[in-house]
Amino acid sequence: MRTTNASRLLAAGAALTALTLLSACGGGGQSHENEALASKAPLQPPQEKRQQMDVLPGMPPVQNPADLYAADRPGRFSPVVKDFPSRVYVPNTNSDTVDVIDPKTYKIIETIRVGRQPQHVVPSWDLKTLWVNNDLGNSLTPIDPKTGKAGKPVPVHDPYNLYFTPDGKYAVVMASMDRQLVFRDAHTMKVVKAVPVSCYGVNHADFSADGRYFIVSCEFSGELLKVDTAKMKVVAQQKLPYQGAMPQDVKISPDGKLYYIADMVAGGVWILNGDTFAKPTFLATGMGAHGLYISRDSRVMYVSNRGEGTISLFDFAQNRLTAKWRLPGGGSPDMGGVSSDGKVLWLSGRYNAEVYAIDTRDGKLLARIKVGKGPHGLAVYPQPGRYSLGHTGIFR
């Protein structure tokens, strides 16, 4: 316990240091504009000495080891997505459709018929395609985010969720019912290696700072896996110390030192040192803790508590919860993402056939939009970032 608490204090200090550095360098696009306008002399590149990280071969270099989400600031779009219209894509698990919302008007502008039981809409590693995970339809439906048009479904068995290795080579299918992690070619989706697992319900994951391993949650057996990315092999496994634990979303801290795993039954977030893979500590957030999303300034993590209709705010620098927003009239906030400018948190209402648009300044509900039945892993797209690691949008 002593070692874990110390690690958390170190992580909080590292995050605070990272935020100080980002503030000094003008982390947001607006700060850079003001700085440029105030000076007649040409700006010189910052003279910083940052530790070079030994990353997974083929993976893009880590821009800032103190903040893995540094590339996700507002306005920092890849040239690949510059012509993509801003949309919110909502997979309706029980309607077999994807509703497309215009975030400016909060209106559904199109409904796309897809395969059976779509679970998540996942941006590809190269940012060019959105993949709809048709779990019981055993297929992936590609959507062109530039035109909004769906393409021919690609046969993929049991695609509950989908991730991409940091080098862009492989897609990793979370084959929940098949009890496998299936590594596939990131473009053709042909199987490269199927990795059997002994846990039940593989569903969510996130990669280490260097990309060399990733942590996977197993919701039906309450377990966590540590997987070697290059070897495509499970190297460690543990059962969470809570009766009936049901781990969900997984997210790494900005400084890369800790993982946070939402637990729907325990009602909070497990905090894990991924390197040591030691027993995690627990932070209660609310009933049905489910989704985890990082703010555009890397300061806050939003935790959707599906069972009580709330969103908890965890401050990385302070290493504590600082607020809880409650949806007026209740709801079932599930999966989603943050708008490209960081001003709106979008979440699906899993049991209410609706989507919530929430103001990230004060938690005010901006819109409650009726959609199809069983909305789940919605994607806000495009978003800033150099590449996607999958799920509803993990960008670095």
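Reader: If contact means heavy atoms within 4.5 Å, what is leucine 181 in contact with, leaving aside its neighbours within four places in sequence?

Author: Its partners are Val172, Val173, Met174, Lys193, Ala194, Val195, Val197, Val202, Phe214, Val216 and Val227. Keep in mind that this is a predicted model: local features need pLDDT of at least 70, side-chain atom pairs count only at pLDDT 80 or more, and totals for chains, interfaces and linings use all residues. Residues are numbered from 1 along each chain as its sequence is written, and side-chain values use heavy atoms, without hydrogens and water.

Reader: Okay, and which residues have the most contacts inside the largest nonpolar core?

Author: Leu181 is one of them, together with Met174, Val202, Phe214, Val216 and Tyr260, in a core of 53 residues. A core is a set of buried Ala, Val, Leu, Ile, Met, Phe, Trp, Tyr and Cys residues joined through side-chain atoms within 4.5 Å, and buried means under 20% relative accessible area with a 1.4 Å probe, protein chains only.

Reader: Which strand gives the most to this core?

Author: That's β13, residues 213-218, with five residues. Strands here are DSSP runs of E, at least two residues long, numbered from the N terminus. There's also a second, separate core of 15 residues, with Val81, Val100, Ile112 and Ile143 among them.

Reader: Changing topic: how many cavities of 30 Å³ or more does a search of the whole structure find?

Author: Five. A cavity is a set of points on a 1 Å grid over the protein atoms alone where a 1.4 Å probe fits but cannot get out, and lining residues have an atom within 4 Å of a point.

Reader: What lines the largest cavity?

Author: There are 16 lining residues, and Asp72, Ile294, Gln383, Gly393 and Ile394 lie nearest its centre. Strands β20 (289-294) and β24 (333-338) each supply at least two residues of that lining. By class, the lining has seven nonpolar, six polar and three charged residues. Nonpolar covers Ala, Val, Leu, Ile, Met, Phe, Trp, Tyr, Cys and Pro, charged covers Asp, Glu, Lys and Arg, and the others, Gly among them, are polar.

Reader: And how do the residues lining the second largest cavity divide?

Author: Nine are nonpolar, two polar and three charged. Its lining has 14 residues, with Val62, Gln63, Leu68, Arg386 and Arg396 nearest the centre.

Reader: What about the backbone: is the peptide bond from tyrosine 381 to proline 382 cis or trans?

Author: Cis, with omega near 0°. Proline 382 sits in the segment after β28 (379-381). In general, most peptide bonds are trans, and most residues other than glycine have a negative phi.

Reader: So what is the phi of phenylalanine 277?

Author: About 55°, so positive, although phenylalanine 277 is not a glycine. The residue lies in the loop between β18 (268-272) and β19 (281-284). Its relative accessible area is 11%, which makes phenylalanine 277 buried.

Reader: Where does asparagine 319 lie?

Author: In the loop between β22 (310-315) and β23 (320-326). Asparagine 319 isn't a glycine, yet has a positive phi of about 55°. At 18% relative accessibility, asparagine 319 counts as buried.

How values were computed. Helices (H or I, at least four residues) and strands (E, at least two) are DSSP runs, numbered from the N terminus. Buried means under 20% relative accessible area, exposed over 50%, partly exposed in between (1.4 Å probe, protein chains only). On a 1 Å grid over the protein atoms alone, a cavity is a set of points where a 1.4 Å probe fits but cannot get out, and a pocket is an open set with protein on both sides within 12 Å along at least five of seven lines; lining residues have an atom within 4 Å of a point. Grid points are joined across faces, edges and corners, and a volume is the space filled by probe spheres set on the points. Contact means heavy atoms within 4.5 Å.
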